Amino acid sequence: MSTAIKDTQKMIEEVLDAYPEKSKKDRAKHLAANDPTGQCSTCQVKSNIKSRPGVMTVRGCAYAGAKGVVWGPVKDQITISHGPVGCGQYSWWSRRNYYNGRTGIDTFGTMHITTDFQEKNIVYGGDKGLEAAMHELKELFPLAKGIGILSECPVGLIGDDIEAVSKRVAKEFKFPIVPVRCEGFRGVSQSLGHHIANDTIKDYVLGKGELDTSTPYDVALIGDYNIGGDAWASRKILEEMGLRVISQYTGDATLNEIAIATKAKLNLIHCYRSMNYICRHMEEEYGIPWMEFNFFGPTKSFESIRKIAARFDEKIQEKAEAVIAKYRPVMERIVEEYRPKLEGKKVMLYVGGLRPRHTIGAYEDLGMEVVASGYEFGHGDDYKRTYPELKEGAVIMDDATLYELEEFTRRLRPDMVGSGIKEKYSYHKLGVPFRQMHSWDYSGPYHGFDGFPVFARDMDMTVNSPTWALIRRKR
Amino acid sequence: MIKIKDHNELFGQPDYQEQFERKKEFERPWPEEKVEEVAEWTKTEDYRKLNFARQNIKINPAKACQPLGAVFCASGFEGAMPFVQGAQGCVAYFRSHLSRHFKEPFAAISTSMTEDAAVFGGLNNMLEGLENTYALYKPKMISVSTTCMAEVIGDDLNAYIKTAREKGVIPQDLPVPFAHTPSFVGSHIVGYDNMLKGILKALSEDRKGEQNGKINIIPGFDAYTGDYREIKRLMALMGIEHTLLADVSETFDSPNTGEYKLYPGGTPLEEAMDAVNAAGTVSLQKYSTVKTMDYIQKEWGQKTFTLPLIGIRNTDRFFEELSRLTGRPVPAAIEAERGRAVDAMVDSHPYVHGRRFALVGDPDQLLGMISLIMEMGGEPVHIVCTNGDKHFEAEATELLASGPFGASGKVYINKDMWHMRSLLFTEPVDMLIGNSYAKFLTRDTGTPLIRIGFPLFDRHHLHRYPIIGYQGALNLVTMIVNTVLDEMDRKTVDTTSFDVIR
């Protein structure tokens, strides 16, 4: 075992010392020193396991995964937060899944629509109210193409039958009504919510759309939620390669787009964690192959473009090379501008979905090194994909707590941290440069060739802001 | 320097606009004429009728749930950790929500209950949760509230906490107040109330002794940290010894010293424990402190006063009562502040007089704002309060009836911002007051927004400026009149009325 790994392991042990025995034993399984070769048996983390009560996990719930991530961005359906008012309130337009449309008329993305459960709903059930609510919505929003019912905790606990209500009303309305059993107490994190949402796409929408013509170059862009316009920036590249993107999952998506993905020749998946389920299903049921790709930073984007093109004919491959040739100098100019300001800077990441591994290349394009990375709700397959991307001895964290993040920061002294809103301001207090890597800190896009310049600019302003130097520390 | 284009500019470019057009082939949107037709219809009286007839669905409501108010309140005490019995996603949401408003870290604990807790109850989650919290975050007090999950399955907090003490997972003398805060009852203001009552009950146990001559002040669910500092400043000027109960000013506005403090301030526990011996308690909000004030009056036997502090007349009344209660005169410095605020209102009145306002927000804040607007000669027209009850409706209606400027005002309780949209289209007003989400109303109806309330996500630092007292009135008047003037500039930019002196 190398010294880099041993040093990191020792540091992890020190951090764990503060825990009570039971939690210490548990948390030890979720923290490891990275071994890119995968040979070191103690260098793998356990994941997708219940969080310990009271440790201050950063994780959210199944509702957050199903409503916040997967279904929320679908723009022409009405998404009902079914239950008490809070869940919908706190997830109201916080993920910035950009879309085109007239909100409140033919699209509903920035709206918070809830059955607002009261005590009587808990006692007598919420099904009757739900049915009435859907009729009211249908009258007020005649252009809605469907309704999603995203269950909050009480719905599952009081034994409501939202499936029966959905079935009845769908027959009447003649459009999809999708009951999603994403009660927050199900599973251990957002992750189960993604899975449940994928399953409902499969059961209620998939294969039921219209597409007039097909071409050999039809692809679906899966697992891109168009945060700050990410999917649009990715789509631009795919179209320039000569591909026809018939469906976006689920950023800026309509129900029809979701439905016609079965007509794609290849499914391209960006966020593997949240959407691998639907890709696997389409592979098994419709024989559609799928492949992962990475559009963060020029190195990974060029790699991915070639990998995607290799699945098509020469015409596409030529165009792919032309795309690379077109953007290479543009990207080089960005690197030339920003790399000198960021060279050698250390980054600590703690995010969800795909970013803990997918953004590593983009940081490296700027000369930065990711010294620690972790997932809120990753599974074993995510970590398996992450180990080779990181250097030996880097810290791998699964379901990290506020306490651990702070301790690792003290010890690793990163030049910047990329994580979420809950972490952001404690880092500001610590005087550690910080960027939200869920919402791009209200910036973006970060995907593709239009995204990388924004990413580079943002990392520079994060690391090199003069405000950090104004902080007067106590001696 | 390379010019970098981000989302603000990129997507208006022709290449993206063309992409959006191409994408429609797969989207299958409605024909543009149809969309236009429906959009126009939503502006009509007919649509308003339909909109107001709905009983079973809220669209863009202006309220949060009880547990949020509870953790907000719990964080206002020295060394206190808000601790939530229930599913973990809720706490992630409370933390995000509060951090987005205050731009500050917010720590709170969840007991991460899952399916097994739904079947067997949440006792084990509570025990392990308390043990871990105490070991990792070393709180001086753990304030327990609940989410809807724990409430639906009927977790017994009192018994669970007792068990935790018996089993020794937390020290015997660690204060662990609790409150049941189901999210399907009331709203964040009720959660605040329940938690505060729970905390005061736990801390005052066996503490009743000699009167200490102090006054307790309860701000209520107030997301303006500037207000907490303002009340302390005013009490110092008055020379009144006081205890601010649930003082969140440091929690949500702590200095940057290169150090992250988990517990940056809050009401000192010793003081909070002695609150039971105060000469009286003043609440600055009525609807977020109903149960707490009732408890203080009945159980502590104290004189209680509800004295709102938004607007000139409210502030006058506050100082008169406080002066009477403490026997201390209102100092000249405060009188001078009043004079300055009134001077500003006199100077600015031409831009507010006769202007029609729509307001959406929490009950107490709305009452204060109605009062202030009427003092300026403005006319509150639509008052939408999602979390207002019948008492609020009656009080607000009476306030509107108290002067000629309230004549066209109407109060809508249990209504939301989609109702407000209909109101703004069918009975237009000049200005809108509300939280950040009200900006969608501005987009749809063109009514300029003055951001007052909670949450304020899309503007920075507003919460650091007080809106209470005379200084607060001055700040509010500044915000209101300058938004009116900004709008005037916007509308007259191509005309001769684009004046430089106003």
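Reader: How many residue pairs are in polar contact across the interface of chain A and chain B?

Author: This is a predicted model, in which local features need pLDDT of at least 70 and side-chain atom pairs count only at pLDDT 80 or more, while totals for chains, interfaces and linings use all residues. Residues are numbered from 1 along each chain as its sequence is written, chains are lettered from A and ligands numbered from 1 in the order in which they are written, and side-chain values use heavy atoms, with hydrogens and water left out. A polar contact is a pair of N or O atoms within 3.5 Å, where within protein one must be able to donate a hydrogen and the other to accept it, and residues adjacent in sequence count only if both atoms are side-chain atoms. Across the interface of chain A and chain B, with both residues at pLDDT 80 or more, the number of such residue pairs is 50.

Reader: How much area do chain A and chain B bury between them?

Author: Contact, meaning heavy atoms within 4.5 Å, takes in 120 residues from chain A and 100 residues from chain B. Buried area is the accessible area (1.4 Å probe) that two parts lose on being put together, summed over both. With 60% of it on carbon and sulfur atoms, the area buried is about 9,500 Å².

Reader: Which residue of chain B meets Lys75(A) in a salt bridge?

Author: A salt bridge is a side-chain nitrogen of Lys or Arg within 4 Å of a carboxyl oxygen of Asp or Glu, and that rule finds 16 across the interface of chain A and chain B. In one of them the N to O distance is 2.9 Å, and the partner of Lys75(A) is Glu27(B).

Reader: Is Arg244(A) buried or exposed?

Author: Arg244(A) sits in strand 7 (residues 244-250) of chain A, where helices (H or I, at least four residues) and strands (E, at least two) are DSSP runs numbered from the N terminus. Buried means under 20% relative accessible area, exposed over 50%, and partly exposed in between (1.4 Å probe, protein chains only). Because its relative accessibility is 15%, Arg244(A) counts as buried.

Reader: With which side chain of chain B does the side chain of Arg244(A) make a polar contact?

Author: Not counting residues up to four places away in sequence, Arg244(A) touches several residues, including Thr213(A), Asp218(A) and Phe26(B). A polar atom of its side chain lies 3.2 Å from the backbone oxygen of Thr213(A). At 2.6 Å, the side-chain partner from chain B is Glu25(B).

Reader: How many residues of helix 18 of chain A are buried?

Author: Helix 18 (residues 402-412) is mostly covered, and among its buried residues are Leu402(A), Tyr403(A) and Phe408(A). Of its 11 residues, the number buried is 9.
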